[in-house]
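Please read this briefing alongside the sequence and the three-dimensional model. The points are grouped by topic.

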Amino acid sequence: MNVPEDLLYTKDHEWARIEGDNAVIGITDFAQDSLGDITFIDLPKQGAELKQSEWCATVESVKAASDVYAPLSGQVVKVNGELAEHPELVNKSAYDKGWFAVIKISDMSQKGKLMSPAQYKEYTEGLSK
Amino acid sequence: MEENSVLLKTPLLRQHEKLGAKMSPFGGWLMPIQYSGIIEEHNWTRKNAGLFDICHMGEFALRMDPEKGNLDTLVTISLKRMPLFSCRYGFMLDEKGRVIDDLIIYRIDREHWMIVVNAATTQGDFSYLRSRLEGAGSFEDISASMGKLDLQGPLSAEVLSVLAGPGIRKLKYYTFGYFDLLGERIIISRTGYTGELGYELYMPASKVALLWDRLLEDDRVKPVGLGARDTLRLEMCYSLYGQDINRNTTPVAAGLGNFIDWDKEFTGRQALLEEKNSGSGMRMIYFMAQSRRCPRHNYRIKYAGRDVGAVTSGSFSPSLGCGIGMGYADREIAPGETVALGDGSVSIDAEVTLKPFYKDGSAKSGEAK
């Protein structure tokens, strides 16, 4: 399972890449692999205020619909419009072309609640057993 | 989650593991849900040939003179009218016309039949039939020793003729024959659950792995899991037992009355006739979402602002690129009308349509229309 070194992770399999005051967010390779073929993504609206660990998106796969939670609190400044037509980008490129949104982080201290790549790797290895 | 240790396993478990399948419980069995991905497997079956492990399904062997025995009264299929080497789809019903199981009967000889039933209902069906059958020479559950593979897709005849000979191309829809394959004489029927030209192969369980491996050596064949089996059958509006039809529904409500032979006596006939003639009760409707959002099992169906029923099956249609589904409504709803499907937090607009959703299937190719 691919776990990039420059990201932070949640136990619900979201990732955040912190870039200055902003964070790019998405779901992990582990998440896309468990969901299978992704067919639709309900993204947050631009300008929406997200709260850490609360609803931020819904991902539908052929088999089921699953909620995605915000890894950090903040205002949505940009969403990935490509995903409306091509939700399969999340399967193909979970950390790059399959990003969900960019948020302006409202509380940088929340970073402390996220997992490091090493912690997340250990966590997912425990789940696969 | 059921413990994997208590689940039944098909003779192909090692093959599935080697192919990296995602395995999941289904009907008491540990079954492959997907290999490369549901959409890819679905599309492959629509264009090439998909290979399915269907060893979980149940088979019974029956010896019975149809003029003397009573199987005819226990199923909706008219046995006496079946030609040799034909198969027929139908139902076993209770007194109220509700579905105990859907099944396919094969007429192997004048007095020799094979009955193919669903995995989860195999034991119940066998007890039900054993306690009611009269005039049978023998009746046996042969599920454990019988392996079953489905090969489905427009290229399935070409692929299969390499191993089974050109005679395979002569099989008509819903007929079968005996073919020599890998040193065994096995039953192959031109039937399936995908809407494509395809075959169901019945062989000794001990030979399944060998045949599976041989078929996969052909580049035109890829393994397909139960995930794509579900999207393929839903695009055709085929019912899944336990989900679209069950002990609370009738074939009339399910829109399957055309699989019933009304000209003979069978358990449940009276109740079905009353339901059919009254024109009331629940009706299966089919709907196509106006987006990529999928209706899901148990979503409510709303029509003109009123709750009229529930979704029984819903998924994404890889062929059509939108959500599709079916479910029971308490009234007729004309094609073209809009319904809303949801669970309180989601509401999906969908258009009621005629079945099937997918109209380009190759199942009946070569047949007179």
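B:P356 is partly exposed, with 17 other C-beta atoms within 10 Å. A residue is termed buried if 20 or more other C-beta atoms lie within 10 Å of its own, exposed if 12 or fewer, and partly exposed in between, the C-beta atoms being placed from the backbone. This is a predicted model, in which local features need pLDDT of at least 70, side-chain atom pairs count only at pLDDT 80 or more, and totals for chains, interfaces and linings use all residues. Residues are numbered from 1 along each chain as its sequence is written, while chains are lettered from A and ligands numbered from 1 in the order in which they are written.

- The peptide bond from B:K355 to B:P356 is cis, with omega near -5°.
- B:P356 lies in the segment after strand 20 (347-353) of chain B; helices (H or I, at least four residues) and strands (E, at least two) are DSSP runs, numbered from the N terminus.
- Beyond its neighbours within four places in sequence, B:P356 is in contact with B:G195, B:E235, B:M236 and B:C237, where contact requires C-beta atoms, placed from the backbone, within 7 Å.
- B:L234 is 122 residues away from B:P356 along the chain, and the two C-alpha atoms are separated by 8.5 Å.

- A:H13 has phi near 75°, a positive value in a residue other than glycine.
- A:H13 sits in the loop between strand 1 (8-9) and strand 2 (14-19) of chain A and is buried, with 25 other C-beta atoms within 10 Å.
- B:F85 also has a positive phi in a residue other than glycine, near 60°.
- B:F85 belongs to the loop between helix 3 (71-74) and strand 6 (87-93) of chain B and is partly exposed, with 17 other C-beta atoms within 10 Å.

- Chain A has 4 helices and 9 strands, which follow one another along the sequence as β-β-β-α-β-β-β-β-β-α-α-β-α.
- The radius of gyration of chain A is 13 Å, close to the 14 Å that the globule rule gives for 129 residues, so chain A is as compact as a globular protein of that length. The radius is taken over C-alpha atoms, and the rule is 2.2 Å times the number of residues to the power 0.38.
- The C-alpha trace of chain A spans about 35 × 35 × 20 Å along its principal axes.
- Of the 129 residues in chain A, 43% are buried.
- Among contacts in chain A between residues at least 6 apart in sequence, 63% join residues at least 24 apart.
- The contact between the chains takes 8 residues from chain A and 12 residues from chain B.
- The side of chain A that touches chain B has 3 nonpolar, 2 polar and 3 charged residues. Here Ala, Val, Leu, Ile, Met, Phe, Trp, Tyr, Cys and Pro count as nonpolar, Asp, Glu, Lys and Arg as charged, and the others, Gly among them, as polar.

**Strand 4 of chain B and its sheet**

- Strand 4 (residues 49-53) of chain B is mostly covered, with 5 of its 5 residues buried.
- B:A49, B:L51 and B:D53 point one way from this strand, B:G50 and B:F52 the other way.
- In a regular strand the side chains alternate between the two faces of the sheet.
- Strand 4 pairs in the parallel sense with strand 14 (residues 221-223) of chain B over 3 bridges, and B:A49 stands opposite B:V221. Pairing requires at least two bridges found by DSSP between the strands.
- Strand 4 pairs in the antiparallel sense with strand 10 (residues 146-152) of chain B over 4 bridges, with B:L149 as the bridge partner of B:D53.
- An open sheet of 6 strands in chain B has the order 11-12-13-10-4-14, with mixed pairing.
- Strand 11 (176-181) and strand 14 of chain B are the edge strands, each pairing on one side only.

**Nonpolar cores**

- The largest nonpolar core has 93 residues, and those with the most contacts inside it include B:L51, B:L149 and B:L151. Such a core is a set of buried Ala, Val, Leu, Ile, Met, Phe, Trp, Tyr and Cys residues joined through C-beta atoms within 7 Å.
- Apart from it lies another core, of 35 residues, among them A:A16, A:I27, A:A70 and A:V76.

Key:
Two residues are in contact if their C-beta atoms, placed from the backbone, lie within 7 Å.
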